[in-house]
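Here's a quick briefing on the model below. Take a look at it first, then read through the notes by topic.

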Amino acid sequence: MTFDPKSMSCEEFQSQMAELVGSGADVANHPHIQDCELCRRLYEDLQTIADAARQLLADQQPEDNLWERIESAIKKGD
Ligand SMILES: [Zn+2]
């Protein structure tokens with residue numbers, strides 16, 4: 001194995017962090033975060049923002065509304 005996550009730079013890690021979070025990876029236990037307080041704080045900030053966004057989306061339920069609109073558009077097309 002040539003890739004060592006511990007030796008990656010903060011820049012490299014941060015460029016992948018959103019993708020890792022989005023993919024459901026266990027970012028809190030990522031070797032870089034275990035060693036790097038800066039990135040750990042950034043990750044905590046990202047989690048706070050993500051939680052706030054989820055609550056906002058849960059209140060508005062845009063996906064349900066979007067699906068209803070798509071569904072009615074399909075039915076009209078029949
Ligand atoms: Zn770092």
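H1 has a kink of about 40 degrees, centred on Gln 16; the bend at a residue is the angle between axes fitted to the seven residues ending there and the seven starting there. Keep in mind that this is a predicted model: local features need pLDDT of at least 70, side-chain atom pairs count only at pLDDT 80 or more, and totals for chains, interfaces and linings use all residues. Residues are numbered from 1 along each chain as its sequence is written.

**Layout and H1**
- The protein has four helices and zero strands, where helices (H or I, at least four residues) and strands (E, at least two) are DSSP runs, numbered from the N terminus.
- Reading from the N terminus, the elements go α-α-α-α.
- Helix H1 covers residues 10–22, and its end C-alpha atoms sit 18 Å apart, which agrees with the 18 Å that 13 residues should span at 1.5 Å a residue (the expected span is 1.5 Å times one less than the number of residues).
- Just after H1 comes Gly 24, with a positive phi of about 80 degrees.

**Confidence**
- Mean pLDDT (the predictor's confidence in each residue, from 0 to 100) is 81 for the protein, and 82% of the residues score at least 70.
- Among the elements, helix H2 (residues 31–35) gets the highest mean pLDDT, 92, while helix H4 (residues 62–77) gets the lowest, 71.

**Burial and core**
- Of the 78 residues, 9% are buried; that takes 20 or more other C-beta atoms within 10 Å of a residue's own, while 12 or fewer makes it exposed and anything in between partly exposed, with C-beta atoms placed from the backbone.
- Phe 13, Met 17, Val 27, Ile 33 and Tyr 43 form the largest nonpolar core, meaning a set of buried Ala, Val, Leu, Ile, Met, Phe, Trp, Tyr and Cys residues joined through C-beta atoms within 7 Å.
- Leaving out residues up to four places away in sequence, Val 27 touches Met 17, Leu 20, Val 21, Ile 33 and Tyr 43 (contact means C-beta atoms, placed from the backbone, within 7 Å).

**Around H2**
- Pro 31 is in helix H2, and it's partly exposed because 13 other C-beta atoms lie within 10 Å.
- Cys 36 is in the loop between H2 and helix H3 (37–60), and its 19 C-beta neighbours inside 10 Å make it partly exposed.

Terms used:
Contact = placed C-beta atoms within 7 Å.
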